[in-house]
Each structure stands twice: as C-alpha cells, then as structure tokens.
Amino acid sequence: MHAYSQDLRDRILGALDRGEGPTAIARRFEVSRMWVYQVRKRWKEEGQRHSLPMGGYRRSRIAHKEAQIRQWIEATPDLTLVELSERLAAEGIQIKVPALWHQLNKWGLSFKKNPARQRAIAHRRTSGTN
C-alpha cells in the first residue's frame, strides 16, 4: 500500500479552503470521506500537508546479544530454539521462537539436524533391511 500523492493532498486541502464539503470532495477525488477528514485534521492541528512515513526499521531486541548467542550455539550445537529462548528469558529478554528464528536466520545461523539424530535414523534404516 502506498500513500496518496502530495498533489492529491494539496488539491483536497485547496477544495476544503474553497468551502467544499468533505463528502463532495471524497466523491470527486475517489477517496474515503474519513481520509479527507484526516488530511484536514492534520493540516489544522499540526500544519503538515504531507504523509507520514510508512513502515520503518525495527531494531532487534537481541542484536546486542549476537556474540553471546553465537557462543552458546558453538558450545552446544544441538541447542533448540526453545532452549535458546529460555536462556534469553533468564537474562530478561522475552522473545518468541519465530522472532528468534527470524533474527538467527538474518545472522546466517541455521539449526540443522544434530549428528546423533542422523545416526539414529541411519541405524533404523540399516537394521530394518537385515
């Protein structure tokens, strides 16, 4: 979704200055009546004719812990995301598993199946064919 153009905002504010009603303006410019009210309110209260920035950068709550998390994973390679989340909770950082995975993925850290599990699967395959 994109913000309406500045030209459209200027034309709507011009129409309001000429005394046209918000409903008529909304019909003519094919926008919602509520949006016309919002543009007018922002102009009167804040003196702003432009749109607010959309979206934005969200800082990670665990960015400052990257080195420590990497050490934990290096020391215990089969550490699960739940266990990692619990360790962070013990340090006062509440983070859900999907958000934790997203950040680890950004850092290029992945959780592969551990070697013990791979050996167990391989053992079952060979023992079943004998």
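How many residues apart are Glu66 and Arg70 in helix H4? They are four residues apart, and therefore separated by about one helical turn. Helices here are DSSP runs (H or I, at least four residues), numbered from the N terminus.

This is a predicted model, in which local features need pLDDT of at least 70 and side-chain atom pairs count only at pLDDT 80 or more, while totals for chains, interfaces and linings use all residues. Residues are numbered from 1 along each chain as its sequence is written, and side-chain values use heavy atoms, with hydrogens and water left out.

**Salt bridges**

Side chains of opposite charge can pair when their charged atoms come close. A salt bridge here is a side-chain nitrogen of Lys or Arg within 4 Å of a carboxyl oxygen of Asp or Glu. The whole structure holds seven salt bridges. Three of them are tabulated here.

| Pair | N to O distance |
|---|---|
| Arg49 and Asp10 | 3.2 Å |
| Lys65 and Glu91 | 2.5 Å |
| Glu66 and Arg70 | 3.1 Å |

Exposure is given as relative accessible area (buried under 20%, exposed over 50%, partly exposed in between; 1.4 Å probe, protein chains only).

Take the salt bridge between Arg49 and Asp10. Arg49 lies in the loop between H3 and helix H4 (66-75), and Asp10 in helix H1 (residues 6-17), so the pair ties together parts 39 residues apart in sequence. Arg49 is partly exposed at 29%. Asp10 is partly exposed too, at 30%.

Lys65 and Glu91 also meet in a salt bridge. This pair links distant parts of the chain, 26 residues apart. Lys65 sits in the loop between H3 and H4. Glu91 sits in the loop between helix H5 (81-90) and helix H6 (97-106). Lys65 counts as buried, with 16% relative accessibility. Glu91 is partly exposed, at 36%.

Glu66 and Arg70 form their salt bridge within helix H4. Glu66 is partly exposed at 26%, and Arg70 is partly exposed at 33%.

**Rings and charges**

A charge sits over a ring if NZ of Lys or CZ of Arg is within 6 Å of the ring centre and within 35 degrees of the ring normal. The charged end of Arg87 sits over the ring of Trp72, 5.5 Å from the centre.

**Pockets**

A pocket is found on a 1 Å grid over the protein atoms alone, as an open set of points where a 1.4 Å probe fits, with protein on both sides within 12 Å along at least five of seven lines. Lining residues have an atom within 4 Å of a point. Volume is the space filled by probe spheres set on the points, which are joined across faces, edges and corners.

The largest pocket holds about 310 Å³ of space. Its lining includes Arg58, Arg59, Arg61, Lys96, His102 and Lys106. By class, that lining has five charged, four polar and two nonpolar residues. Nonpolar covers Ala, Val, Leu, Ile, Met, Phe, Trp, Tyr, Cys and Pro; charged covers Asp, Glu, Lys and Arg; the others, Gly among them, are polar.

The second largest pocket holds about 250 Å³. Twelve residues line this pocket, and Ala3, Tyr4, Arg9, Trp35 and Ser51 lie nearest its centre. Helix H3 (residues 33-46) gives the largest share of the lining, four residues. The lining divides into seven nonpolar, three polar and two charged residues.

Notes:
Helices (H or I, at least four residues) and strands (E, at least two) are DSSP runs, numbered from the N terminus.
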